[in-house]
Amino acid sequence: MSSTRPLAMVTGGSSGIGYELAAQLAVRDHDVAISGQSDRVHDAARRLEADHGVAAFPYRADAATPDGVEGFWRFVADLDRPLNVACLNVGIGIGGAFADTDLDDELRMIAINCTGLVHTAKRVTHAMLAQGPEQGDRRILVVSSVSATTPTPYETVYGPTKAFGFSFAESLREELREHGITVTALLPGATDSAFHHNAGMGDTVYGDNSWKNDRTLVARQGIDALFAGDDHVVGGDDATKQQAVDNRTTPEPEKAARHAETTRPPGR
Ligand SMILES: NC(=O)c1ccc[n+]([C@@H]2O[C@H](COP(=O)([O-])OP(=O)(O)OC[C@H]3O[C@@H](n4cnc5c(N)ncnc54)[C@H](OP(=O)(O)O)[C@@H]3O)[C@@H](O)[C@H]2O)c1
């Protein structure tokens, strides 16, 4: 039986902030296509269906490869339905001194956070333009970070990948405005997910998830901003939002020194 619900896609939607974005969209009665790198994506889809009564379509692929990125896009396109929401969320981090981190790991991160973002956004843009306004909303969410607003020493390549995403989203927004397609950037502050553990930052203050922003709150703020058509939203509590405001006027060297205090690995 074919669904009449709007369709959303979420890259990296199997866990963390991406899963919560998918859940928020399901709460708004959207069917969701989600991607992930592990088999957990199938469990995530089953949970979304059981908890929210929508259809969820899981796809497992490596977002660091063009085949993986194109594979998820083809999977979504083959559903043969209008695409109403695209959340370009997947992203990884790498902590550590730049002198110590592995170049291949960093190039892989750039492939996921930047190259893959552009690749998916290209497909989504063409599809939404071809689809036209008759088939409902056409909204794009790009998940950036508060790290886009500051130098990020000891995550020296990660922050720039997120600045790329933020600037990219704001530019694409302006281009697509006259076509009735909205683009919104979500800039989460530190959020309770597996992100910092996976980034090898377990021995910094980011190893402790207890003080971080709640990922459900962050996702809800992102989806609210998406449907309000806002250009961007900072995801997190009032202190996180204030930090992003302060970052606009704080000199770069000062922000860099402050960031290094929280990210410098022991012994460096
Ligand atoms: N957490 C934070 O503090 C924070 C702060 C600011 C911005 N952000 C941004 O928020 C976004 C989501 O981060 P998160 O905190 O939710 O991270 P996370 O908990 O590590 O979740 C990552 C998601 O991406 C998927 N993924 C990771 N590598 C992949 C790959 N190579 N191919 C396909 N899927 C892959 C994971 O799939 P599996 O479930 O299969 O592993 C999972 O669904 C990222 O863009 C990140 O930069 C996070």
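**Reading a predicted model, one feature at a time**

Author: Let's start with Arg139: with a relative accessibility of 14%, this residue counts as buried. Keep in mind that we're looking at a predicted model.

Reader: How do I get from a percentage to a word like that? What makes Arg139 buried or exposed?

Author: You compare the percentage with a cut-off: buried means under 20% relative accessible area. Arg139 comes out at 14%, so it's called buried.

Reader: And where does Arg139 sit, and which residues does it touch?

Author: You'll find Arg139 in strand 5, which covers residues 139–143. Leaving out residues up to four places away in sequence, Arg139 touches Asn84, Val85, Ala86, Met128, Thr182, Leu226, Phe227 and Gly229.

Reader: Can we try the opposite case? Is Ala239 buried or exposed?

Author: For that label the area has to be over 50%. Ala239 has a relative accessible area of 52%, so it's exposed. Ala239 belongs to helix 8, residues 238–247.

Reader: Okay, helices next. At what angle do helix 1 and helix 2 pack?

Author: Helix 1 (residues 16–27) and helix 2 (residues 40–52) pack at about 30 degrees, and their axes are 10 Å apart. Because angles under 35 degrees count as roughly parallel, helix 1 is roughly parallel to helix 2. Their crossing is right-handed.

Reader: Which residues make the contact between them?

Author: Helix 1 brings Tyr19, Ala22, Ala23, Ala26 and Val27, while helix 2 brings Ala44, Arg47, Leu48, Asp51 and His52. Sort the residues of that contact by type and you get 7 nonpolar, 1 polar and 2 charged.

Reader: Last one: rings. How many aromatic pairs does the structure hold?

Author: There are 6 aromatic pairs. One of them is Tyr158 with Phe195, a tilted pair with 5.3 Å centre to centre and 55 degrees between the planes. Tyr158 lies in helix 5 (residues 158–177) and Phe195 in helix 6 (residues 195–198), so this pair ties together parts that are 37 residues apart in sequence.

Reader: Is Tyr158 buried or exposed?

Author: Try the cut-off you used for Arg139. Tyr158 has a relative accessible area of 7%, so it's buried.

Reader: Which residues form an aromatic cluster?

Author: Tyr59, Phe72 and Phe75 form one aromatic cluster. Go and find those three in the structure above!

Key
Residues numbered from 1 in each chain as written. Predicted model: local features only at pLDDT ≥ 70, side-chain atom pairs only at ≥ 80, totals over all residues. Heavy atoms only, no water. Axes fitted to C-alpha atoms, helices over the stretch in contact; angles between N-to-C directions. Helix = DSSP H or I, 4+ residues; strand = E, 2+ residues; numbered from the N terminus. Parallel < 35°, antiparallel > 145°, perpendicular 65-115°, else oblique. Left-handed = near helix turned anticlockwise from the far one by under 90°. Contact = heavy atoms within 4.5 Å. Nonpolar A, V, L, I, M, F, W, Y, C, P; charged D, E, K, R; others polar. Phe/Tyr/Trp six-rings, centres within 6.5 Å; stacked < 30°, edge-to-face > 60°. Buried < 20%, exposed > 50% of the residue type's maximum accessible area, 1.4 Å probe, protein only.
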